[in-house]
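Please look over the sequence and the model below, and keep both in view while reading.

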Amino acid sequence: MDRRIHFFSGKTGGPQKAAPELLGIRGRQAVEFAELGFPILPGFILDASLASRLESADIRRDLDALPDRCGAVLGKRYGDRENPLLLKIVVSSNLAVSTYPVLHNFGLVKGVVPGFARWVGDAFAARETLFLLRGMLLVEKRIRELEGTAREGDELDRRLRALQEEFRSGPLSAAEAYMDRYAPLLPGGFFEDPREQIFLALRELSRLLSIDDQNDNDTALLIQPMVFGNYGRDSCSGFFFSRNVLTGERRLQGEWYRGQFDASGGEGQDLGTLESRYLKELEKIGRTLEDRFKEIRQIRFTIEKGKLYFLEQRPADRKSTRADIRLLLDLAKRKVVDAAFVVKAIDPPRLGEIIHRVIDPAGVKALKKRAGGIAGSPGAAIGRVCFSTRNLLEARKLALQQGEDTRFILALPSSFAEDVKAIELASGVLTAEGGYSAHASVVARQYGKASLVAPGLTFKGKKAVLGDLGFSEGDYITLDVPYHGEPAVYLGKAGLIEGDGADSGLPEFIALAKGFLKGFHVRANAESPEDAEKALAFGAEGIGLCRTEHMFLKADRINLFRDLLLSDSGADRSRALKAIRSIQEEDFYGILKVMAGKEVTIRLLDAPLHEFMPHNNDELAAYIAHIEKTRKKTLSKAELLARIEALDEFNPMLGHRGCRIAVSYPEIYAAQVRAIFDAVYRLREEKIPVRPEIMVPIIMDAAELKLVAYGKKIEGAEYTGIAEVEEAVREERKAKRAAYKIGAMIELPAAALGAGEIAKYAGFFSFGTNDLTQTALGISRDDFAGFMSDYTRFDLVTADPFTVLDRRVKELITLAVARGRLTRPDLVCGLCGEHGANPANVRFCMEAGLDYVSCSSYAVPIALLAAAQAELEKAR
């Protein structure tokens, strides 16, 4: 046999002396599977040194003999009139994507068709003849195009179009009639002799390769037999995945089709019902492929006349992150891969799929869809849409009473403090205003709910319109907010795949990732003991942001805080403060107890005061009723509106908030700090370790922090600082001093520039990058979404600066860290903005020398994996 021709089979293995680069991708795979002993179809390869030079090669004797050598394995003969062997030719290039046509069914000539049809039926024999013709005519057309002789609308072009249309609609003639009709377009004698046919086909392909620039003398021709799942009673076709593509369970998942050529013929049966002798062989193939490729594979097979054949395999294109992780952990357990391979194999944002619900693609095909918008919080949600918090709470109460579906989606122009309860109970949130850092987005992430901002959403009475999608209050809608890809709203109910971190391998995967971290860690944003427990479960090493204002947003608390701000007497204000302090003490106690010795960074009140005020007539009426019930006073709507108006500001985000409130209302921070240290010393008495960090927000310069932290006495006035409150609590309890830190939230350019001075009074810095981005770039995070598309169209921004840190914001952070550590070398620095979960931002934080990032509990695994991959890359 010519040394440039290479035979292979599952029994004999592959050629020993063939140069792999001369076999092409498909040829190398065939040889590889032969060497693994798979039940592959035997075959032979004309390597790249021969494939484009058949005109000058004397290989006719080999081409006459090799088909029968293949047929002997299958129990068939090439050209036999009773049980014919058919061949396929695969153009095996070294390109991942090949544009060469698929060429099947060589050996189908006039004398063979009746025998083939007795096994598969006349219609199928005619269809396969059309398939053979289509492949060869495409080759002829490609040759003419390369030679410059092709003409649109010429006979070949017209006949090829007609053939393709008939192939799609189904054959109308007998196989022999098609042969007669199209024979004039092919080399002479093409349908007379099977050996002449394969020779002519290979010669035409060789001619094509010799003139095609796509072939860089590295393209081979692979020839193998065809097998058919409809070749008698004991034949079938099928496919399977090497494990369950949703759960990752190590069990084959697939279907088989009795008496069918492929899956297009009808309903399949579960692979588990196949005979055990076949299943054992398929399981061995699946395990071997997983170990070899380190990923889930999809495999096609055919059983012809009781004999199993492995046809092809490829990566599973639809598989869950959970399945990939369970595979990787299984490979690591068996020492097939190491921990570093496991950690590097998963793109960090994919972990969100495990924690959150995702849309089942099969369940949305028939639903009307509106794509686009800004992802506020990832996940998927289904529910009846409600256009107000009040309506959602009432609808849910009624649904509970009547045993109906309790899934609801809150749809609003924008959300406020009083909507938090509805967001907590809703399946998802759809708003028209804001962006990733908008109120609805932040609260939804806190509760793990899907949130989408759709700037085109409009409301009119009981109806809403989003582009060409219209829906009424009470209609079912589905939100799809993926980490990757475009979000969408569907009209109707889709299918959901539930997130489940516990049974996904996520805890073990997180543990592997954390093993590569060297000093850098990830904390979580949490405002309740439940949040803290969730943070620990997802791998957090502490709380990096406890937003105390969020503690007031619950329905049973917000009126207390309103009492504090709207009271017209010192007695009423003191009463409200006492109640707030008691509530917050229990909150802090619970969070610190759960974290048990891990850092807990508690940010003192920061939100602008207007966010806590009633925003509509219903809320105004409810608050007036609260006043009458709790204080036995009457308050008119006009009087209440006047008090609210007194707190109104033109630019509240840069107005009376953060430490500025503490300067004007010292008693608010004093009550919060007292609550913190009462909780701290209670836990110390219980022998529970605590590491509180008290963070002062919106620091502009060192003088502000010094005042809030250590107090100040001036003539006629005194300000009690954090340290003095701690000392008073300690003395009351006759306790030893608890270790704690006071730090600054760096969220203004002025603070970043003055970091050296601020570090004199700060034990840590935490960069609030939402506000730092707003104040550095001079854009509102809630309004930027309205004109971001214009900026991206002209390449004025390359990414949303509230998702990916802007280079100038990075420069401010780097500068602040350097200046702060010049003053205080042991200064701890972290980032606690919504940027903390973005892998690119995590990498920057590590490079800039920060010690941690803090993000929502649900994003902690993503940030951890990003940090671990950065460490691995640095080590490499």
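Helix 28 passes helix 30 in a right-handed crossing, and since this is a predicted model, the description here is a reading of computed coordinates. The two partners can be found at residues 769-777 for helix 28 and residues 807-823 for helix 30, with axes that come within 10 Å and cross at roughly 115°. Angles from 65 to 115 degrees count as roughly perpendicular, and helix 28 and helix 30 are therefore described as roughly perpendicular to each other. On the side of helix 28 the meeting involves Thr 769, Leu 772, Thr 773, Ala 776 and Leu 777, while helix 30 contributes Arg 808, Val 809, Leu 812 and Ile 813. Sorted by class, the residues of this contact are 6 nonpolar, 2 polar and 1 charged.

What surrounds Ile 758, once its neighbours within four places in sequence are left aside? Ile 758 is then in contact with Ile 699, Asp 701, Ala 702, Leu 705, Ala 744, Ile 746, Ala 751 and Phe 765.

Helix 31 (residues 839-847) packs against helix 32 (residues 860-875) at an angle of about 55°, and their axes are 9 Å apart. Helix 31 and helix 32 are therefore oblique to each other, and helix 31 passes helix 32 in a right-handed crossing. From helix 31 the contact draws on Pro 839, Val 842, Arg 843 and Met 846, and from helix 32 on Ile 862, Ala 863, Ala 866, Ala 867, Ala 870, Glu 871 and Glu 873. These residues divide into 8 nonpolar, no polar and 3 charged.

A last stop is Gln 197, which is found in helix 8 (residues 194-211). Is Gln 197 buried or exposed? Buried means under 20% relative accessible area, and Gln 197 counts as buried because its relative accessibility is 0%. Apart from its neighbours within four places in sequence, Gln 197 is in contact with Tyr 78, Asn 105, Phe 106, Gly 107, Leu 108, Val 109, Leu 132, Phe 190 and Phe 191.

Conventions. Residues numbered from 1 in each chain as written. Predicted model: local features only at pLDDT ≥ 70, side-chain atom pairs only at ≥ 80, totals over all residues. Heavy atoms only, no water. Axes fitted to C-alpha atoms, helices over the stretch in contact; angles between N-to-C directions. Helix = DSSP H or I, 4+ residues; strand = E, 2+ residues; numbered from the N terminus. Parallel < 35°, antiparallel > 145°, perpendicular 65-115°, else oblique. Left-handed = near helix turned anticlockwise from the far one by under 90°. Contact = heavy atoms within 4.5 Å. Nonpolar A, V, L, I, M, F, W, Y, C, P; charged D, E, K, R; others polar. Buried < 20%, exposed > 50% of the residue type's maximum accessible area, 1.4 Å probe, protein only.
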